[in-house]
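Subject: Structure for you to look at

Hi,

Here is the structure I promised to pass on. Please open it beside this email and follow along.

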Amino acid sequence: MVEWETIPLLSEKNLRAVIRNLLSDEGIKPRKKLSQSFLVDANELRFIADNVGSVAKESRCIVEIGAGVGNLTAFLASLNIAKEIIAIEVDSRFAKILKKMQEAFSNIDVIIGDAREVLPSIRGCEVVVGNLPYHIASTLLVLIAKSMAKVAVVMVQKEVAERLIAKEGSKRYGKLTVFMQHHFNIEYIKTVPSYKFYPRPKVDSAIILLQRRKEFDKFSELLEHLIRCLFSYRKKILGKAIKKCVNIPQLYALEGLQSLWRKRVYQLSVKELEELVYTIAKQETKN
Ligand code: SAM
């Protein structure tokens, strides 16, 4: 029987044992295909919760994606940062464990469901947190950008974190980078090594802070559509790639864009791509 209130007080060694026992008591074997690797380092869990606390000031509610056994949820709840924590978990095998945790903390709501469907339906919650399931991390990041979230503290695979902060012209720079950097100021907070998880994943992870820069709107839709197309021609020069993505012949004659046509798609900065989309949007309204 777990004393949930005491979870945030445990040392790393004890927490690992508690989580292992919790899983074996319920007969649950972690599923790789659902990215079930649990963060069992109390210092890292506390670090994430503290970071959420410092950016979530006066927020009414926090959404947690992928609550699992509730290890991070317990740290968040014990800090009393928000009136309400909505913990989303797809695997119903964790329902009983999470229900017991709810009895210990009055500020937790649990939703058993797919975060890809649940998140878009949540209203009035401006903070998102989670050790994101790695197999769908990119999809979830895009959904966070499309949500009401003003701020998010998320853990992702280190390689995904590097894509989020990549600079134009680099190997990791791509459509996810551009889409996310358009919507958020992004900070790479720290690397979390794989041995801090149970079961141990193959790769390290990283904690990322996203702070809202732009809301998702009509412009974002056009940007999303354009970068999806352009980055499928990532090494082509823009002058050629653009012809495959938009049909506005007068675009090439426009003064402001002349410096862009000879650049390769992956060499275009977020600002340049924003300008391109802005010009396209203006031309489309004229046509
Ligand atoms: N929160 C725990 C932690 O920090 O250790 C678990 C994180 S684990 C990396 C990812 C969790 O996301 C797992 O519990 C997994 O079952 C859950 N998950 C996977 N796919 C999901 C989905 N589509 N919607 C919601 N949760 C999902």
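First, a term: two strands pair if DSSP finds at least two bridges between them. Keep in mind that this is a predicted model.

Start with strand β2, residues 61-65. β2 and β3 pair in the parallel sense, over five bridges. Within this pair, Glu 64 stands opposite Ala 87 of β3. To get from β2 to β3, the chain passes through α3, and this β-α-β crossover is right-handed.

Now look at the other pairing of β3. β3 also pairs with β4, in the parallel sense and over five bridges. Here Ile 86 stands opposite Asp 109 in β4. β3, α4 and β4 form a right-handed β-α-β unit.

How many of the six residues of β3 are buried? Five are, so β3 is largely enclosed by the rest of the structure.

Next, helix α4, residues 95-104. Which of its residues are buried? They are Ile 97, Leu 98 and Met 101. These residues sit on the same side of α4, because they cover an arc of only 95° around the axis. What covers them includes two helices, α1 (12-25) and α3 (71-78). The strands β3 (84-89) and β4 (108-112) are also among the elements that cover them.

Then turn to the face of α4 that points away from its buried side. That face carries the exposed residues Ala 95, Lys 96 and Glu 103.

One general point to go with the strands: in a regular strand, side chains alternate between the two faces of the sheet.

Best wishes

Conventions:
Residues are numbered from 1 along each chain as its sequence is written. This is a predicted model: local features need pLDDT of at least 70, side-chain atom pairs count only at pLDDT 80 or more; totals for chains, interfaces and linings use all residues. A residue is buried if 20 or more other C-beta atoms lie within 10 Å of its own, exposed if 12 or fewer, and partly exposed in between; C-beta atoms are placed from the backbone. Helices (H or I, at least four residues) and strands (E, at least two) are DSSP runs, numbered from the N terminus. The arc is that of the directions from the helix axis to the C-beta atoms. Two residues are in contact if their C-beta atoms, placed from the backbone, lie within 7 Å. A crossover is right-handed if, with the strands pointing away from the viewer, the path from the first strand over the helix to the second runs clockwise.
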